[in-house]
Every structure is written in C-alpha cells, then in structure tokens.
Amino acid sequence: MALPSLDIHTLGAGRRLDRPRDAGGILHVGPESAGADPGPACYGRGGTAPTVTDANLVPRLLDPGNFLGGRIALDAAAARRAVETIAKGLGTDALTAAEGITQVVNTNMAEGIKLVSVRRGVDPRGFTLVAFGGAAGLHVTEVARLLEIRRVIVPSVAAVLSRGACWRPICAMRWCARM
C-alpha cells in the first residue's frame with residue numbers, strides 16, 4: 001500500500017551498567033534497562049545497579065528534591081554508592097565515573113544518529129535535533145555538539161514522548177527535517 005509515513009529511529013540510552021567494562025577495560029552502558037521497578041538506585045525501590053539516571057544525579061544535573069516537579073524524591077546517596085561501584089573498577093572517584101558514563105551515553109547516541117543518517121546519504125549537520133524522553137534535555141546539547149548540529153529542540157512534553165512512562169530513565173533522540 002502506498003500510504004504517507006515517517007521513518008523514525010529511536011536511540012535509547014536510559015540503561016543500567018551491569019557489565020560496565022569489556023575485556024579491554026572500556027566503559028559500556030546497557031544494553032539492559034533498569035526498568036521501572038526497581039529502577040535506578042536513586043529511586044529508592046531496591047535497585048542497586050548504577051544507571052544513567054544515577055550518573056546524572058551524582059554531579060547534581062538533576063535536583064533530587066524536585067524530580068518530576070517534586071512528586072518523586074531522589075536518593076543522591078544511593079546514586080553515589082551505585083556509581084562508586086563503577087568508579088572503583090575504573091580506579092577513579094564517583095564524579096569522574098559519572099561524567100564518563102554520560103560521555104559514553106552521549107557518544108553512543110551521536111554515533112547512532114550518524115549511522116542512521118549517513119547510511120542514507122544525509123549529513124546530520126544540516127538538521128535540527130529534537131529531544132524526546134525523560135532525560136533528553138540533559139543530553140541533547142552534547143549530542144548535537146558531537147554531531148556539529150547547531151540547533152536543538154526540547155519540547156515542553158519531551159519526557160512523556162518516550163517509549164515508557166514519563167519517569168522512566170529513557171533518553172531518546174530523533175533527528176527531524178531541515179529547519
């Protein structure tokens with residue numbers, strides 16, 4: 001059938017770090033999600049594996065007392081303990097490990113966008129990057145910088161435009177038409 005359609009690829013990065021390093025010592029994020037229950041360590045529901053959300057909380061990129069407009073209080077100490085498990089394996093401190101985790105996430109999303117766009121002969125630098133997902137606003141500018149994209153859009157409802165509930169630690173980026 002010939003129907004109008006959009007070809008959208010979603011790149012998710014809200015993942016836990018179960019096997020954070022490979023045999024060569026390279027830091028990896030995912031591919032498994034922490035899910036909603038128990039979720040990230042900072043949710044205080046029994047999760048202990050470090051997640052991207054925990055890594056975003058360690059440097060206080062998230063406000064632990066005002067997450068989801070104050071509906072959920074985040075446990076910053078639990079996030080730090082979870083990220084410290086990665087830090088110890090890397091021989092560094094929790095803040096440096098958290099920064100490394102977010103750097104890996106941002107690079108993975110940028111590379112995913114490059115793969116999808118360049119494969120089709122499209123240069124992403126001429127597009128606007130639109131952020132969707134719970135933590136998209138935290139990551140979109142760095143992903144755009146890595147791709148040399150000069151314009152980003154973060155919709156006011158970006159968190160609810162993801163695959164899951166608005167409080168899931170999902171960060172998905174979509175590139176859209178030239179603007």
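Where is the place of Arg60? Arg60 sits in the loop between α1 and α2, and the legends below start from the whole chain and come back to this residue at the end.

**Before you look.** This is a predicted model, in which local features need a pLDDT of at least 70 and side-chain atom pairs count only at pLDDT 80 or more, while totals for chains, interfaces and linings use all residues. Residues are numbered from 1 along each chain as its sequence is written, and side-chain values use heavy atoms, with hydrogens and water left out.

**View 1. The whole chain and its elements.** The chain has four helices and four strands. Helices (H or I, at least four residues) and strands (E, at least two) are DSSP runs, numbered from the N terminus. Starting at that end, you can follow the order β-α-α-α-β-α-β-β. Of the 179 residues, 43% are buried. Here, buried means under 20% relative accessible area, exposed means over 50%, and partly exposed lies in between (1.4 Å probe, protein chains only). The chain exposes about 9,600 Å², with 53% of it supplied by carbon and sulfur atoms; such areas come from the Shrake-Rupley method with a 1.4 Å probe, and for residues only the protein chains shown count as cover. A contact is a case of heavy atoms within 4.5 Å. Among contacts in the chain with a separation of 6 or more, 62% join residues 24 or more positions apart.

**View 2. How confident is the prediction?** The pLDDT, the predictor's confidence in each residue from 0 to 100, averages 78 over the chain, and 72% of the residues score at least 70. Over residues 164–179 the pLDDT is below 50, and beyond near neighbours in sequence this stretch has 78 contacts in the model.

**View 3. The largest nonpolar core.** A nonpolar core is a set of buried Ala, Val, Leu, Ile, Met, Phe, Trp, Tyr and Cys residues joined through side-chain atoms within 4.5 Å. The largest one holds 33 residues, and Leu74, Val83, Leu129 and Val143 touch the most other members. At least two residues of this core come from each of α1 (52–57), α2 (76–90), α3 (94–118), β2 (128–133) and α4 (136–147). Helix α3 gives the largest share, nine residues.

**View 4. Met109 in helix α3.** Met109 belongs to helix α3 and, at 1% relative accessibility, counts as buried. Met109 and Leu147 are 38 residues apart in sequence, and their C-alpha atoms are 9.8 Å apart in space.

**View 5. An aromatic pair.** A search of the whole structure finds one aromatic pair. Rings of Phe, Tyr and Trp (its six-membered ring) pair if their centres lie within 6.5 Å; planes under 30 degrees apart count as stacked, over 60 as edge-to-face and the rest as tilted. The ring centres of Tyr43 and Phe67 are 6.2 Å apart and their planes meet at 50°, so this pair is tilted. Tyr43 lies in the loop between β1 (11–12) and α1, and Phe67 in the loop between α1 and α2, so the pair ties together parts that are 24 residues apart in sequence. Both Tyr43 and Phe67 are buried.

**View 6. Salt bridges.** The structure holds four salt bridges, each a side-chain nitrogen of Lys or Arg within 4 Å of a carboxyl oxygen of Asp or Glu. In helix α3, Lys114 and Glu111 are three residues apart, about one helical turn, and their closest N and O atoms are 3.4 Å apart. Lys114 is partly exposed at 32% relative accessibility, and Glu111 is partly exposed at 41%. In helix α4, Arg145 and Glu142 are also separated by about one helical turn; their salt bridge spans 2.6 Å, N to O. Arg145 is exposed at 53%, whereas Glu142 is partly exposed at 26%. Salt bridges that share partners join Asp123, Arg125 and Glu148 into one network. Within it, the closest N and O atoms of Arg125 and Asp123 are 2.6 Å apart.

**View 7. Two loop residues with positive phi.** Arg60 has a positive phi of about 65° although it is not a glycine, and Arg60 counts as exposed at 53% relative accessibility. Glu148, in the loop between α4 and β3 (151–153), has a positive phi of about 60° and is not a glycine either. Glu148 is exposed, with a relative accessible area of 52%.
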